[in-house]
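Subject: The structure, and some notes to go with it

Hi,

Here is the structure I promised to send over. Have a look at it first, and then read on for what turned up.

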Amino acid sequence: MRGELPATVRVVEVGPRDGLQNEARIWPTADKVELIRRLVDSGLREIEATAFVHPKVIPPMADADAVSAALPRLPGVIYSALVPNTRGYARALAAGIDEMIVFMSVSESHSRSNINKTVAEALAACAEVVQACKADGKPVRAYLSTIYGCPYEGDIAPARVVALTQSLLDLGVSRVSLGDTTGVATPGQVRDVLGRLLDRVAPQQLGLHFHDTRGMAIANILVGLEMGLSIVESAIGGMGGCPYAPGASGNVATEEVIHLLHGLGVGTGVDLDRLLGVGLWIESVTGQSLSSKLLHAEASRLLSLVT
Ligand code: MG
């Protein structure tokens, strides 16, 4: 019984970037590369690998060039990276990144606080990078953050979300990922915002990007799937919570998204047990517990398989 659900869903793993960028501990380059190798081995085919940002601004991503140079290159595997400006784009291009990601916020105060730019300035910076990507024939997608609420401004007008999504698509990005930056969205709100967007754009031009901060991510994703969206971004183990609160929920956990999808009969190409094994490996490497409920529910079964 799939109803209106898509037959397959592209699950984009963002842990190596969106997860590790927000972890308290900075991972050694070799461990990042091993993490990516294991994620690819589980069947994931789109990996957000790193960010070409200034190392002083985001120290955990200072090794973007070294990580990129060591990525396991396999047919059909797409590595993406965040690029804030044309300088970052030039580095990512030289590093052999397959797909570029530009980013901006709907909220003026979040934009100023996060990247010290107004929304208009941020859109102009995105435009510059997208133009360079088009000239080089490089795929580029976009993140739009604080879709469902802003930690500084509170409510965000859905009309602004629609207008900025349209502006980014008009630049020529392949899709806009709708970031629930602080995990405030609820399913009714998601239905409302997506409904307004789908009056203007196609479902394949939108990506679902939820944080599980308040436990609503899986419910929100289900709403998106039922409305025809088929790209979900998530992080192994639910990595990417607040660096000052170990174990706090960050990005929705990839294994929980896969579990949801397989339970609905939706194909992903991912081997769930292998993916759960990656979660256990992370816990063994970091000595810290991940926030994923599924991982903890399945841990003893998985460990009995390997011993
Ligand atoms: Mg995120």
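Let's start with the metal. The magnesium ion takes its protein donors from Asp-18 (OD), His-209 (NE2), His-211 (NE2) and Asn-251 (OD1), at 1.9 to 2.2 Å. Please keep in mind that this is a predicted model. Along the sequence, the donor residues follow the spacing D-x190-H-x1-H-x39-N. His-209 belongs to strand S7 (residues 206-209), while Asn-251 sits in the loop between strand S8 (231-234) and helix H10 (254-263), so this pair ties together parts 42 residues apart in sequence. His-209 is buried at 4% relative accessible area, and Asn-251 is buried too, at 2%.

Now the salt bridges: the count comes to 18. Here are a few of them.

Arg-141 and Glu-48 pair through their side chains at 3.1 Å, N to O. Arg-141 is in strand S5 (residues 140-145) and Glu-48 in strand S2 (residues 46-51), so the bridge ties together parts that are 93 residues apart in sequence. Arg-141 is buried, with a relative accessible area of 0%, and Glu-48 is buried with a value of 0%.

Arg-37 and Glu-34 form a salt bridge at 2.9 Å, N to O. These two residues are three apart in helix H2 (residues 29-41), or about one helical turn. Arg-37 is partly exposed at 40% relative accessibility, as is Glu-34 at 22%.

Asp-98 and Arg-73 also make a salt bridge, with their closest N and O atoms 3.4 Å apart. The two lie in separate loops, 25 residues apart.

Finally, salt bridges with shared partners join Arg-17, Asp-18, Glu-48, Glu-99, Arg-141, Arg-175 and Glu-233 into one network.

Best wishes

Terms used
Residues are numbered from 1 along each chain as its sequence is written. This is a predicted model: local features need pLDDT of at least 70, side-chain atom pairs count only at pLDDT 80 or more; totals for chains, interfaces and linings use all residues. Side-chain values use heavy atoms; hydrogens and water are left out. Donors are N, O and S atoms within 2.8 Å of the metal (3.2 Å for Na, K and Ca); water is not among the atoms, so sites may look incomplete. Helices (H or I, at least four residues) and strands (E, at least two) are DSSP runs, numbered from the N terminus. Buried means under 20% relative accessible area, exposed over 50%, partly exposed in between (1.4 Å probe, protein chains only). A salt bridge is a side-chain nitrogen of Lys or Arg within 4 Å of a carboxyl oxygen of Asp or Glu.
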